[in-house]
Amino acid sequence: MTEAYIYDAVRTPFGRFGGALAGVRPDDLAALVIGEQVRRAPGLDPAAIDEVVLGNANGAGEENRNVARMATLLAGLPVGIPGTTVNRLCGSSLDAAIIASRQIGAGEADVMLVGGVESMSRAPWVLPKTEKPYPAGDLALASTTLGWRLVNQRMNPAWTVSLGEATEQLAARHGITRERMDEFAFRSHQRTQQAWDEGFYDDLTVPVPGTELARDESVRASSTVERLGGLRTVFRTPEQGGTVTAGNASPLNDGASAALLGSARAAELTGLAPLARIAGRAAAANEPQYFGFAPVEAANLALKRAGITWDDVAAVELNEAFAAQSLACLDAWGVDPEIVNRHGGAIAIGHPLGASGTRILGALAKSLRDSGQRWGVAAICIGVGQGLAVVLENENA
């Protein structure tokens with residue numbers, strides 16, 4: 001098997017729902033990061049790109065018709081570069097990277113451009129077709145922004161609860177308290193703000209033309225544990241044991257991310273040195289309502305495939321869909337919380353579904369390079385009960 005490496009990564013700053021990026025089409029966001037990723041590889045002839053693989057969770061609006069192919073064309077890349085779009089919900093772009101690494105490992109590609117995009121602001125309402133012609137009653141639009149819609153009536157109703165209610169169930173199952181959630185969320189904002197101030201994200205982001213967004217729009221540097229503790233619960237009342245609030249959950253966001261993957265030969269083709277080797281990867285699944293816990297087994301399996309254990313891991317990038325599910329994963333792994341999301345997480349940065357996987361992968365690769373540490377894990381939970389994980393090795397450590 002040919003080894004696969006990550007050579008570079010870039011993303012847009014992530015915008016708030018209805019915020020600075022709401023006026024930008026998702027296919028344009030994807031085209032931007034694709035074009036920027038090519039521009040950042042000084043020796044790369046775009047024709048040498050074997051394929052573009054992008055993740056996207058919704059696919060119901062302007063990103064329809066295979067946004068990977070659309071964005072490749074909009075970016076002005078050669079028409080001979082194939083493109084495919086992956087949908088594994090929140091894990092879509094990490095799945096894109098996994099798929100590309102397998103193509104490289106099989107010897108089918110030397111240079112792969114991967115990434116993901118989501119505009120949750122522009123996700124449309126959809127009107128389903130009627131079961132019979134000429135209905136006399138009203139028809140309801142369904143939002144495609146987030147979560148279940150047009151649910152099959154044969155699906156177990158325990159599986160189709162909202163993501164927030166599912167997280168309440170997970171928190172209760174694992175004894176995660178509201179206080180721990182709010183402290184975790186506070187840390188996310190503080191670390192993200194500090195990382196921006198220290199320049200960690202400067203070479204990981206590209207501004208979106210026509211907008212004034214320079215940093216992730218959801219970061220709240222002034223947030224405090226006390227303010228977070230004062231927010232009302234959303235999915236259950238306090239009397240019902242409610243713990244999940246808008247403050248200890250990731251927001252709705254818009255954004256795009258990309259990464260350049262390749263074989264060892266890609267160093268010659270791109271003019272870049274590899275950041276890290278993709279040493280292990282895995283998917284896992286459990287009951288849909290406990291989706292937030294699925295990264296546990298995914299990461300454990302990826303580590304086993306990489307031939308290492310948690311004792312070897314120096315850095316973890318875990319997508320913070322909710323503070324409760326993040327804490328449940330950390331507790332199960334038994335890792336030092338200080339090595340997790342050192343540069344902030346999705347509660348502050350944001351979680352534009354299809355873009356989050358390559359965001360955490362790129363941040364992990366840069367973190368390992370900057371610190372000189374050897375092993376890292378990127379993991380993400382996925383609605384309907386799945387998780388993905390990738391192990392990276394900094395071979396220069």
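Strands β3 (residues 51-55) and β4 (residues 83-86) run parallel to each other and are joined by four bridges; pairing requires at least two DSSP bridges between two strands. The model is predicted, with pLDDT of at least 70 needed for local features and 80 or more for side-chain atom pairs, while totals for chains, interfaces and linings use all residues. Residues are numbered from 1 along each chain as its sequence is written, and side-chain values use heavy atoms, without hydrogens and water.

Within this pair, G55 has V86 of β4 as its bridge partner. Together with helix α2 (residues 67-74), β3 and β4 form a right-handed β-α-β unit. Right-handed here denotes a clockwise path from the first strand over the helix to the second, with the strands pointing away from the viewer. Helices (H or I, at least four residues) and strands (E, at least two) are DSSP runs numbered from the N terminus.

Helix α9 (residues 323-333) is mostly covered, with nine of its 11 residues buried, that is, under 20% relative accessible area with a 1.4 Å probe and protein chains only. Among the buried residues are C329, L330 and W333.

After α9 comes G334, with a positive phi near 70°.

L127, in the loop between β6 (125-126) and β7 (142-143), is partly exposed at 49% relative accessible area, partly exposed being the range between buried and exposed (over 50%).
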